[in-house]
Amino acid sequence: MIYMDYNATTPVHPDVLEALLPYYKESFGNPSSIHWAGRMVKGALEEAREKVAALVGCDPVEVVFTSCGSEADNMAVKGVAAALRGKGNNIITTAVEHPAVLNACLYLESNGFEITRLRVDRHGIVDLDELEAAINEKTILVSAMFANNETGVLFPVAEIGEIAARRGVYFHCDAVQAVGKAPIDCREMGIRLLALSGHKLGAPKGIGALIVRKGVKLHPLIHGGSQERNRRAGTENVAGIVALGKACEIAKAEMAAESSRLKTLRDRLEHGILTEFPDVRLNGHPENRLPTTTNLSFPRLEADSLLLNLDLAGVAVSSGSACSSGTLKTSPVLAAMGVEPALARGSVRFSLGRGTTEAEMDYVLDVLPGIIERLREQQ
Ligand SMILES: Cc1ncc(COP(=O)(O)O)c(C=O)c1O
């Protein structure tokens, strides 16, 4: 079985699993308890906070643990909107954000906010002049992702941060796909809020974080106890938090070597497919993207048939189209990049990760031509 869908989720790293297990057994205390059982776990939370902060370039007190990336994105967008409502009602985002941001913005739009959605060019990148021009006296937030989940394309984050800071608006960055795969420094990049998610980097599902830089005004999404310095109520997911800390520690140590290893493998796969099928088109910027992701459009093919046949051959990939209530909808990300609907319907995302090997690349390159030819003949 070959897993090439690491952008969807990743297996828990064995060292992460080992680190988290004691927190389901002997170290089970509630960190808010003042007795020995609580004290046993309190330190582990703070240690994890330090490890997350070290990976993304912020202070440990700025790390707020959440249940997932979607919660972190919602907390950022809705939390700033609620806190700064009196100052302005304009939020700038982009056409290619994850639904966690896009739908939070849609919700705010139905509640009186004005949402500006920046378009992207054919490579999937926003225009900084358009961002600059879009900011007005009512703008309170710019929300732009670090790396796109479908194409891996990287936004010019430091430049966006510089513009937002100069114009006096908050910058929220959805870095769920980028954390652990690309160097991130909230301080240097002018990022005021940053969302991340454990299950994308070798921690389990059900843990994420929002970095809230000092001084940022933000209303909480979840009200209750005073956990997370009153930013996010609810008894902490101690095992998940320890796991996220460990995953961040591993990512910091291994990111450079792992990125270059995976880029070589990704390029080998991409080159092999593009050489065999010159009509296949790469979606996204050829260079400026995560080393782990390739999104390819196969003309005259439906991605879901290709996906199904690769699955039968034991290969798990993902399609850029989503079949909802019987209608095949093309990916909004590819549509925003100007990819024609027929090509977008034939787009497949291969995403690599820690377990990916050269032999797996060769296997895919071996089985793919037969599948493609068979599917094309059937049409
Ligand atoms: C860019 C991006 N943002 C947010 C999310 C949501 O993260 P989670 O699955 O932890 O809610 C994802 C998940 O795919 C993502 O790729």
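Predicted model: local features only at pLDDT ≥ 70, side-chain atom pairs only at ≥ 80, totals over all residues.
Which helix gives the most to the shell around the ligand? Residues are numbered from 1 along each chain as its sequence is written, and side-chain values use heavy atoms, leaving out hydrogens and water.

So, the helix: α3, residues 69-83, gives the most, with three residues. Helices here are DSSP runs of H or I with at least four residues, strands are E runs of at least two, and both are numbered from the N terminus.

Altogether, 13 residues surround the ligand, each with a heavy atom within 4 Å of it. Among the closest are Gly-69 and Asp-174. Now for some polar contacts, meaning pairs of N or O atoms within 3.5 Å. A ligand oxygen is 2.8 Å from a polar backbone atom of Gly-69. For Ser-197, a side-chain N or O atom is 2.6 Å from an oxygen of the ligand, and the side chain of Lys-200 also has an N or O atom 2.6 Å from a ligand oxygen. Alone, the ligand exposes 390 Å², and the protein buries 88% of that; these areas come from the Shrake-Rupley method with a 1.4 Å probe.

Let's move to a sheet. Four strands form an open, antiparallel sheet, ordered β9-β10-β15-β12; strands pair if DSSP finds at least two bridges between them. β9 (281-282) and β12 (318-319) are at the edges with a single partner strand each, so one side of each has no neighbour in the sheet. Finally, Arg-281 stands opposite Ser-297 in β10.

Methods: Polar contact = N/O pair within 3.5 Å; in protein donor to acceptor, adjacent residues only side chain to side chain.
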